Amino acid sequence: ELDMNKPIVKLPESDGNAFSVIGKTMKALRGEGYYAEQIEQYRKEATSGDYDNLLRVTMKWVEVE
C-alpha cells in the first residue's frame, strides 16, 4: 500500500479512453506531490496489461470517483 495521500480522480462511468485515465491519474499524482519516479512506476504498472489491469492499478494509486 502506498504511504502518501491518495488523490481523488473522477473517471467516466463507462469504459473511458485509457490515455485519458492515465493522463488524469498522472496529473493528480503530480498535484499530490508524488515524485517523477513514482509517477513513472504508476505508468509502467498501468500499461503492463489490458484495460482491466489499468483500472485495477489506477484504483491502487488513487481514489476513483
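Glu 40 and Arg 43 form a salt bridge, with their closest N and O atoms 2.6 Å apart. By salt bridge I mean a side-chain nitrogen of Lys or Arg within 4 Å of a carboxyl oxygen of Asp or Glu. Both residues belong to helix H2 (residues 36-46), and because they are three residues apart, about one helical turn separates them. Glu 40 is partly exposed at 29% relative accessibility, and Arg 43 is partly exposed at 30%. The terms here are buried for under 20% relative accessible area, exposed for over 50%, and partly exposed in between, using a 1.4 Å probe and protein chains only.

Please note that this is a predicted model, in which local features need pLDDT of at least 70 and side-chain atom pairs count only at pLDDT 80 or more, while totals for chains, interfaces and linings use all residues. Residues are numbered from 1 along each chain as its sequence is written, and side-chain values use heavy atoms, with hydrogens and water left out.

How many salt bridges does a search of the whole structure find? The search finds three. In general, side chains of opposite charge can pair when their charged atoms come close.

The next pair is Lys 60 with Glu 45, whose side chains meet in a salt bridge at 2.9 Å, N to O. This pair links distant parts of the chain, since Lys 60 sits in helix H3 (residues 51-61) and Glu 45 in helix H2, 15 residues apart. Helices (H or I, at least four residues) and strands (E, at least two) are DSSP runs numbered from the N terminus. Lys 60 is partly exposed, at 39% relative accessibility.

The axes of H2 and H3 come within 8 Å and cross at roughly 150 degrees. That makes H2 roughly antiparallel to H3, a label for angles over 145 degrees. Axes here are lines fitted to C-alpha atoms over the stretch in contact, and angles run from 0 to 180 degrees between N-to-C directions. Among the contacting residues are Tyr 42 and Glu 45 in H2, and Leu 54, Lys 60 and Trp 61 in H3; contact means heavy atoms within 4.5 Å.

Finally, Glu 65 and Lys 10 meet in a salt bridge at 3.1 Å, N to O. Glu 65 lies in the segment after strand E2 (63-64) and Lys 10 in the loop between strand E1 (8-9) and helix H1 (18-31), so the pair ties together parts 55 residues apart in sequence. Glu 65 is partly exposed at 47%, whereas Lys 10 is exposed at 59%.

Key:
Parallel < 35°, antiparallel > 145°, perpendicular 65-115°, else oblique.
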